[in-house]
Amino acid sequence: MRPTDIETFTQVGALTVDPDGSRAVVAVSYASLAADATVGQLWELPLGDEAGPGGARRLTRGRRDLAPRFSPDGRLLAFLRAVPGGKPQVHVVDARGGEPLAVTDQPLGVSDLAWSPDSARIAFVAAVPEPGRYGTVDGLGPDAEPARRITTVRYSGNGRGYTIDKRSHVFVVDVPDVAGEPSYEPAPDVPAEGGEDAAGESAVPVARRATHVDTDHGSPVFTADGERLLVIAALHDGRDTDLRTDVWSFPVPAGDADDEPAGEPVRVTGDENLDVGAVTVGPDGLVWFTSAEMGGSGRDFVARTTAAYVVEPGPNGWGEPRRVTDPAQHDLALAGSDAGLVAVPGAVLVVDRSRGRGPVLRVDADGEVTTVLDGDLEATGLAVGGGTLAVGVVTPASAGDVVAVALDDDHRPVGAPRALTDLGGAARASGVVVPVEEEHPSADGTPVHGWVAVPDGRAEGSGPHPVLLMIHGGPFAQYTVGLFDETQVYTSAGYAVVYCNPRGSAGYGREHGLAIKERMGTVDLEDVLGFLDGVLAAHPELDADRVGILGGSYGGYLTAWTVAHDHRFAAAVVERGFLDPEAFIGTSDIGSFFSEEYTGADPAHRAAQSPQAVVGQVRTPTLVVHSEQDLRCPLSQAERYYAALRRGGVDSELLVFPGENHELSRAGRPRHRVQRFDAILDWFGRYLPV
């Protein structure tokens, strides 16, 4: 697999299933080098007994279509569409086919949507620009905007920029009749948000704003009776300095467009310091949410595993939330992504995070947990309809496919899953190496779980191959069994790739993750080196005298820390690194809490865990890779580290990508992603030739 073959890594996003269970619709995307953008459309997948990979057909032909949602009555399909140069907007189309109709025209786009139970309204999330900013005044560019007066501790977000002047809010819009002419009228004296189309008709209906507090709101879902919206937000005092978020119940705004609150929000999640990841409502009215506890301070987030909770609506409000999964046994953090949280009568379907895999679980209101789908896979999306569960999966041979699981009347699995797509075929055609899963001891005997990928795909009988030790970010994240472009590109270039989940990683319980709290660069260093040494001893086809190292974010931290303490490596790549915990405070979008929670409140103790403090010990040729607009690990982290390397006489280069943020390697412009791979391979080619 060459760097340009990232185009073959087709991925699946959000799923939706027709209420009658006859078909699923999935968002499919890939990196297009011609468009220099991630593009994608919606695909329809039949779910009948004879359904299989050959039955998929493309349903839409937009540049970037995503987040499909069937209406509860199955008549309509809503989704987000971003046209070239435009922002994502809600579109609605007749579920039988036809021309999609835009129903929003938000200046900064829409990020999420949900149907009302009666299929008559859609709630959506949109950032609301402060007047005078972000193109709200014709001819006034960003450099000519007024100065920002900042009074909060947190005011920016990676990939978003400033957040205090474009808060995300929830709106409700009536759905027009897509079978004929628009059946709505703009509110009196209030122009429709989209202005007029080419024919002089109103382009979109008027949306009514449901939230008004000066903070971000997200993940809206209607209650079962359609009268209220459940929204995730931090509305409490102290929200600027802690990490707590709650589920709040808002009245659904009715009538004409109005900028006044329809009523006071009500907290659903109780008095605990929780950080809510996802919320949904079942057809029986039960409210389900996933959340991690944030401790007494409200910011004790390190290695917090996520549990499921259920709330029963009462005659006078909401009951007390009940936790129904044990966070020591399951970590349901993926529910906050496209993997979703899908409610069925009396239970919820959710994705676990465990030892490099993502199985699907069924959790009922009494806390009984049943496995619905497992194996060598990570579930990335869930949707249910008509007795069928559709699941997006990543596997060792595919970056994204969809399988179907038949469910009985209690929504428990019946029979084996059936493949509905074969989107991984293109990647396999370019040559896929399946890594070997292994476990090796750390210095203190702790087993370390990981993988080794050998260029020809065999665990023995070839080589000797030069080796790359690859370290993931997070740190509370995990490498998985899924097909990974990094591994494939490096093995195709002739390198064996060794990677593992050291202490500090997710997927192995909270104690495993907590092991590096205020001890970064200790047992995690021992773990990655112990795993590397174990692999080298077990595989004579690997060349123990020719080893490189690379990692991004926390992986950049541990790479920089490692080469300061172990000089065996021929070359290193430090990417988007957390390199100076002290300078991180006040410059990163998470700097108000991350450094202190992970490396401690004492500056001297933080310095003892800082790669910047020991950069003078580095002798390894080091390529420093960073993005110009990275607000997670700011560019200054790389600049100071690179400058110190040069002052110390280390052979080093700094590669900076314009217009990119912390997500370059995963979601950056495709041409930049290829250039990044080329630069990394060039660097290792100089010092660690194949």
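Is C500 buried or exposed?

Guide: The model is a predicted one. In it C500 is buried, because its relative accessible area is 2%, and a residue counts as buried under 20%. The next point is its sulfur. The cysteine sulfur closest to that of C500 belongs to C633 and lies 20 Å away, too far for a bond. A disulfide would need the two sulfur atoms within 2.5 Å. Seen from the other end, C633 is likewise in no disulfide, its nearest cysteine sulfur being that of C500 at 20 Å. C633 is buried too, with a relative accessible area of 2%. Across the whole structure, a search finds zero disulfides.

Another buried residue is R606, which has a relative accessibility of 4%. R606 sits in helix α8, made up of residues 603-607. Setting aside neighbours within four places in sequence, R606 is in contact with P581, E582, I585, S595, E596, T599, G600 and A601.

Elsewhere there is a sheet to describe. Strands β15, β16, β17 and β18 form an open sheet in that order, with antiparallel pairing. Its edges are β15 (217-222) and β18 (266-267), each of which pairs on one side only. For β15, the antiparallel partner is β16, residues 228-233, and four bridges join the two strands.

Definitions and conventions: Residues are numbered from 1 along each chain as its sequence is written. This is a predicted model: local features need pLDDT of at least 70, side-chain atom pairs count only at pLDDT 80 or more; totals for chains, interfaces and linings use all residues. Side-chain values use heavy atoms; hydrogens and water are left out. Buried means under 20% relative accessible area, exposed over 50%, partly exposed in between (1.4 Å probe, protein chains only). Two strands pair if DSSP finds at least two bridges between them. Contact means heavy atoms within 4.5 Å.
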